[in-house]
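Student: Could you go through this one with me, starting with how the helices sit on the sheet? I'd like the definitions along the way.

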Amino acid sequence: MTQTTQKICAGDIRSASRLIRDLEDKRPEARLRLRQLFPHTGRSFIIGITGSPGAGKSTLADALIGELRKRKKTVGVLAVDPSSPFSGGALLGDRVRMLRHAEDEDVFIRSLATRGALGGLAHAAGDAIHVMEAMGKDVILVETVGIGQQELDIIHHAHSIVVVLVPGMGDEIQTMKAGVMEIADVFVINKADRPGAKQLKTELTSLLNASPHGPRDWIPPIVSIGNLYEPESFAKKTAELMDAVAKHHAHLVVSGQLAERTERKAVMEITDALRACILEPVIERLITDGELKKIVGKIQNRETDPYTEAEAIARRFLNTGETP
Amino acid sequence: MPERKIRVMVAKPGLDGHDRGARILARCFRDAGFEVIYTGCHQTPEQVAAAAIQEDVDLVGLSCLSGAHRILFPRVVELLREKNASDITVIGGGIIPEQDFPMLYDAGIQAIFTPGASLDSIVEWVRTHIRGRN
């Protein structure tokens, strides 16, 4: 192990944060470091927090950090916000809600920009999770960007997923749709002091009870959380949320589903790695060679079609042993 | 090798809540293609320094309109030094009398922008001065 990886395993924030940066920036040496860290990963409990923009994900993350610290757990937080499709820049503002934990050495909060990823996370999110795992964090909270209905990459990364809903976002039909409503292990009805919260809870309950697949071994609990500015009840509710998530974790372990989820994650990781090792270098090479531009021109003039070209390129790189 | 993305943090230490300027600058950095960590108002220098390290930013932009910059700005630089993070550039802005410039520069603040400074000039300064950090 190099000095850097040793430092990371000892929990050094500076080295860890720098490595995450290198992974985001796709520095070649970063991949090597990650390889060295890999044996030390996979021992943290990963909680995903997802929901629409402004639903209260960061505020709940802040509350959960507080709750986890009370339970003597060390915490890593990845907070993802969108990159601009125009400038490539990003405004990462999730930390604003988590300021009170800034100086706690056992809480490491890192913001990530999506940099073009469309699944609600950043490309480097999986790698960043591994870095935090290697640091020995007991629990890692992963907060997605504000999502719509189907930016669901979080299911490949988290063990337990909290879907945050707020009242007033549509009628019962919305709760029946596929996508985000299916991935929750725990539901939060946030801002539950607002009109429509009771109705949302009724609809959600009836949705969960009317599963066409018969009785399930885990029915996602619904935690209604009201006004943040009524600290006593807010604290009580966030403790309830933490209990619900912990209960789900226990359920995963007992039922054997934890193994299924880690398998799902490993499948995704190798698929992503293949993409990074095969597809991306090929595309990069085609761009630098100017070949891509030529092919694009031919496709525009209808002299060829994308599949013919892609198959020819695949044959060239996969069969000849030529490396991109 | 792909170019590094510039990461900056915009923070307001101290008790001053006038964050319009800091917000405009954060937006402007965003539009310049930087990743901007915005941490809001009312922070201690300790919080600012800890966040800057956790986020591995190239630069911290401090805004202060209350007159407390003489204490708060140098303290952030000092804390970063203590934590072996003196490679993080610190710049300041706000209502800062010219007579305070020398003491702030001496304390390690690398640039000061006051009312009238154009947003372009700030972006340009950042681009020129943090390139080369590995």
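Student: Which strands does helix 7 of chain A lie across?

Tutor: Helix 7 (residues 197–209) of chain A lies across strand 6, strand 7 and strand 8 of chain A, and runs at about 175° to strand 8 of chain A. Axes are lines fitted to C-alpha atoms, for helices over the stretch in contact, and angles run from 0 to 180 degrees between N-to-C directions; helices (H or I, at least four residues) and strands (E, at least two) are DSSP runs numbered from the N terminus. This is a predicted model, in which local features need pLDDT of at least 70 and side-chain atom pairs count only at pLDDT 80 or more, while totals for chains, interfaces and linings use all residues. Residues are numbered from 1 along each chain as its sequence is written, and chains are lettered from A and ligands numbered from 1 in the order in which they are written.

Student: What's the strand order in the sheet?

Tutor: In chain A, 7 strands form an open sheet in the order 4-2-5-1-6-7-8, with parallel pairing; two strands pair if DSSP finds at least two bridges between them. Strand 4 (107–113) and strand 8 of chain A stand at the edges with a single partner strand each, so one side of each has no neighbour in the sheet. Neighbouring strands of this sheet are turned by 20° against each other on average, direction ignored.

Student: And strand 5 of chain A, is that buried or exposed?

Tutor: In strand 5 (residues 139–143) of chain A, 5 of the 5 residues are buried, so the strand is largely enclosed by the rest of the structure. A residue is buried if 20 or more other C-beta atoms lie within 10 Å of its own, exposed if 12 or fewer, and partly exposed in between, with C-beta atoms placed from the backbone. A:Val139, A:Leu141 and A:Glu143 point one way from the strand, and A:Ile140 and A:Val142 point the other way.

Student: Which residue of strand 5 of chain A is the bridge partner of A:Ile49?

Tutor: That partner is A:Glu143, and strand 1 of chain A pairs with strand 5 of chain A in the parallel sense over 5 bridges. Strand 2 (residues 75–81) of chain A also pairs with strand 5 of chain A in the parallel sense over 5 bridges, and there A:Gly76 stands opposite A:Ile140.

Student: Back to helices: what does helix 8 of chain A pack against?

Tutor: Its buried residues, among them A:Leu241, A:Val245 and A:Leu252, pack against elements of chain A including strand 1 (45–51), helix 4 (57–70) and helix 9 (257–289). The end C-alpha atoms of helix 8 (residues 231–255) of chain A are 36 Å apart, which agrees with the 36 Å that its 25 residues should span at 1.5 Å a residue; the expected span is 1.5 Å times one less than the number of residues. Just after helix 8 of chain A, A:Gly256 takes a positive phi of about 85°.

Student: New topic: how many residues of chain B are in contact with chain A?

Tutor: 28 residues of chain B are in contact with 26 residues of chain A, contact meaning that the C-beta atoms of two residues, placed from the backbone, lie within 7 Å. On the side of chain B that touches chain A, the largest share, 7 residues, comes from helix 2 of chain B.

Student: Which strand of chain B is joined to strand 3 of chain A?

Tutor: Strand 2 of chain B runs parallel to strand 3 (residues 90–92) of chain A, and 3 bridges join them. In this pairing A:Leu92 stands opposite B:Ile37.
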